[in-house]
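Please keep the sequence and the model at hand while reading.

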Amino acid sequence: MFKWFIGFCAAMTMSTAMAVSFPLTIEHTFGKTVIETQPQRVATLDYSGADDLLALGIQPVAIRYWYGDFPKTLWPWASDYLNTQPTVIGRSIDYEALAAARPDVILALWSGIDERAYQKLSLIAPVVAVPKGRSDYGLAWDERALLAGEATGRLEQAKVVVGEIQARFKAARQAYPQWSGQTASVVYAGRGDLGVFGAQDVRPQTLAELGFKTPEALTALMPPGRFYVDLSREALPLIDANVIFWFSANNEFTHVKRLPGRSALSASHIFVDDLLAGAFSHSSLLSLPYVLDRLVPAVGKALSTLRTVVDLTAR
Amino acid sequence: MATLEQVATAQKGAGATHMYQVLKQHRTYSLFIVLTALVMALALASLLLGSGSNVSLASWIKGELTVAEQLFVWQFRMPRVVAAACVGALMAAAGTLLQNITRNSLADPSLLGVTQGACLAVVILVVLFPESGGTLKMFAALIGGLAVAVFLFGLSPQDESQGTLKLVLMGVGVSAFLAALIRALLTYGDLHRAVSAFAWMAGSLDVVSPSQAMGLALCLAALIPAFWASMNMQAALSLGAEVAASLGVPSYASRGLIALAVVAASVAVAVVGPLSFVGLIAPHLVRRLGHFSVRAHLYLASLTGAILVMAADLLGRIAFVPYQIPAGIVTALLGAPLFLWLLVQARKLS
């Protein structure tokens, strides 16, 4: 019943949002924003927001720097789409530089802005923030993309692109039906820390689109409302699964290879390089196709025999 | 035979020398004027310069600012300038007061756990209740800072002759404990929330709203009479608790004064985050410029504190465009070497 109700609500909002007409009113956690006409100059404060806008055919006037050292600040899957020189906003927002870019609308759907920042930004242009009740970084990739599409008057395009990516996930699932129901753990291993991402995190969620489940032992470990949990090295057997995805920093996995007890696990291992890890983290309309391009062959190889190690940094 | 010009030049020279003598005799007043002028100049520069666009003073005077420029000057730059000046002055005044009455040149608000108390309150709020707003954060910081001070007062011995030293030592202990709690919360809290807590802890002025700047200015204005009234007690206490007692300073005075410093620092930290170094360095900078009465020292140190934070904010804003360096980081990055240099210079002179 509840599911049906949610579906009905979703259908209602979809049908009303179908035809985006301006002036457009968007309600969000800080109040209401009215966008008078379809924005021509779009600024995004979202850490992967430039990807989504470029995928919708918009050249943003201001973009946010997140991490990575790339020309034009965009990661390789997106940089070819950018033809202009947008203002780059650092982690600490330079309000004047943003205002100087003269945006018609500012997107802040994955940006961590607070009420004070929202007030300042609203002096520059209408700001679209996360919907009420959602956390700063709580929106899924498709929700972000659709909201960005709606605010810029390109909801139809956004739906098409989101649909294409969903179709690619479905195609991969159909090509590898044996993956359904297999378990996958996603582990981060820095120099000193070790931990796992829970089923709510974007990485396991992306894998779930391919049919993989998070091991129940891990879900049981996860504190309520958390996306990841730190583990003791002695708890390594808990992360065992059909396949383990290892995330590290600087393409460095020697410390993972040396982890005591790793060889006692029955899993196959995939060492995820920085670029693919970044594509997971961005989970944007441009990075997700890249994830699929790299991930599907790697998983295929890892699961072809037991206890295989696929090192994606060795390219 | 001296020409008229030569006489005039000689007289001018004598005049300049005389001027210098006057300035030297009235070092307090001249320094006061120079520092005030510096505050004004920095305020003007901060209003005119910025990454958005540099505003020309001429067009501002003529009232020819564009809409965008008005936004820059009044909404973005003015609150920062006012807040920077007030925060710098409040932190420096608190630091000077604490150094005077504890007779310890290491004393500053963070030594009494005020900064850490405020930080802990904000980190708890950000990590455990991420949907709470900016105003709540401000009050949490204020309460956190005050709570630590009240706790220390409760623990400190009633015997006032020993009181201040023990208070400082206990402050160090409590600060270390709170810092460990903060680290634990940031390490085990959600990463994104930790990042937004870090942003606050860097001590940034960029989201100060006009009403907050106004509030800071009002707090400063309200605290000035309190500082003024307490000056004689400060002067007596700076000679030691026994001398102060023999001069008729009541035994509870030092606690009252510490409470005053704590309030001043907590208000500042609540709005912009920790800028602890200013409270330590400003009184020392002034001490290097000459010998002043306790009263003059406090005012000059407050002006110096305002200059430090204003300069740090301006620099952090325009030096590395498009990246903004929070004022708290700039004060520490530039203040620490300056401080060391001053100490080395002082040793050379002595």
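## Chain B and the basis of the model

Among the contacts in chain B between residues at least 6 apart in sequence, 77% join residues at least 24 apart, where contact means heavy atoms within 4.5 Å. This is a predicted model, in which local features need pLDDT of at least 70 and side-chain atom pairs count only at pLDDT 80 or more, while totals for chains, interfaces and linings use all residues. Residues are numbered from 1 along each chain as its sequence is written, chains are lettered from A and ligands numbered from 1 in the order in which they are written, and side-chain values use heavy atoms, with hydrogens and water left out.

Chain B has 15 helices and zero strands; helices (H or I, at least four residues) and strands (E, at least two) are DSSP runs, numbered from the N terminus. Of its 350 residues, 50% count as buried, a word that stands for under 20% relative accessible area, with exposed meaning over 50% and partly exposed in between (1.4 Å probe, protein chains only). One residue of helix 4 of chain B is B:Asn100, which counts as buried because its relative accessibility is 9%. Not counting residues up to four places away in sequence, B:Asn100 touches B:Gln234, B:Leu237, B:Ser238 and B:Val294.

## Aromatic pairs

Over all chains, the structure holds 22 aromatic pairs. Rings of Phe, Tyr and Trp (its six-membered ring) pair if their centres lie within 6.5 Å, and planes under 30 degrees apart count as stacked, over 60 as edge-to-face and the rest as tilted. The pair of A:Phe70 and A:Trp75 is tilted, because the ring centres are 4.7 Å apart and the planes stand at 50 degrees. A:Phe70 counts as partly exposed at 25% relative accessibility, whereas A:Trp75, at 5%, counts as buried.

In chain B, B:Trp60 and B:Trp74 form an edge-to-face pair, with 5.9 Å from centre to centre and 75 degrees between the planes. This pair links distant parts of the chain, since B:Trp60 lies in helix 3 (residues 57-61) and B:Trp74 in helix 4 (residues 67-102) of chain B, 14 residues apart. B:Trp74 counts as partly exposed, at 44% relative accessibility. In chain A, ring pairs link A:Tyr47, A:Trp66, A:Tyr67, A:Phe70, A:Trp75, A:Trp77, A:Trp110, A:Tyr137 and A:Tyr290 into a cluster.

## A charge over two rings

A:Arg203 lies over the face of A:Phe197, at 4.1 Å from the ring centre, and its charged end also sits over the ring of A:Phe247, 5.8 Å from the centre. A charge sits over a ring if NZ of Lys or CZ of Arg is within 6 Å of the ring centre and within 35 degrees of the ring normal.

## Where the chains meet

The size of an interface is often given as the accessible area lost when the parts come together. Chain A and chain B bury about 2400 Å² between them, 53% of it on carbon and sulfur atoms; the buried area is the accessible area (1.4 Å probe) that two parts lose on being put together, summed over both. In chain A, the residues that lose the most area to chain B are A:Glu96, A:Arg116 and A:Lys120, together 32% of what that side buries. The contact takes 24 residues from chain A and 27 residues from chain B.

Between the two chains the count is two salt bridges, each a side-chain nitrogen of Lys or Arg within 4 Å of a carboxyl oxygen of Asp or Glu. A:Glu96 forms a salt bridge with B:Arg77, in which the closest N and O atoms are 2.6 Å apart. On the side of chain A that touches chain B, two or more residues each come from helix 4 (95-100), helix 5 (115-122) and strand 10 (228-230) of chain A, and helix 4 of chain A gives the largest share, five residues.

## Loops of chain A

Most residues other than glycine have a negative phi, and most peptide bonds are trans. The peptide bond from A:Phe22 to A:Pro23 is cis, with omega near 0 degrees, and A:Pro23 lies in the loop between helix 1 (2-18) and strand 1 (24-28) of chain A. A:Lys72 has a positive phi, near 65 degrees, and is found in the loop between strand 4 (62-64) and helix 3 (76-79) of chain A.
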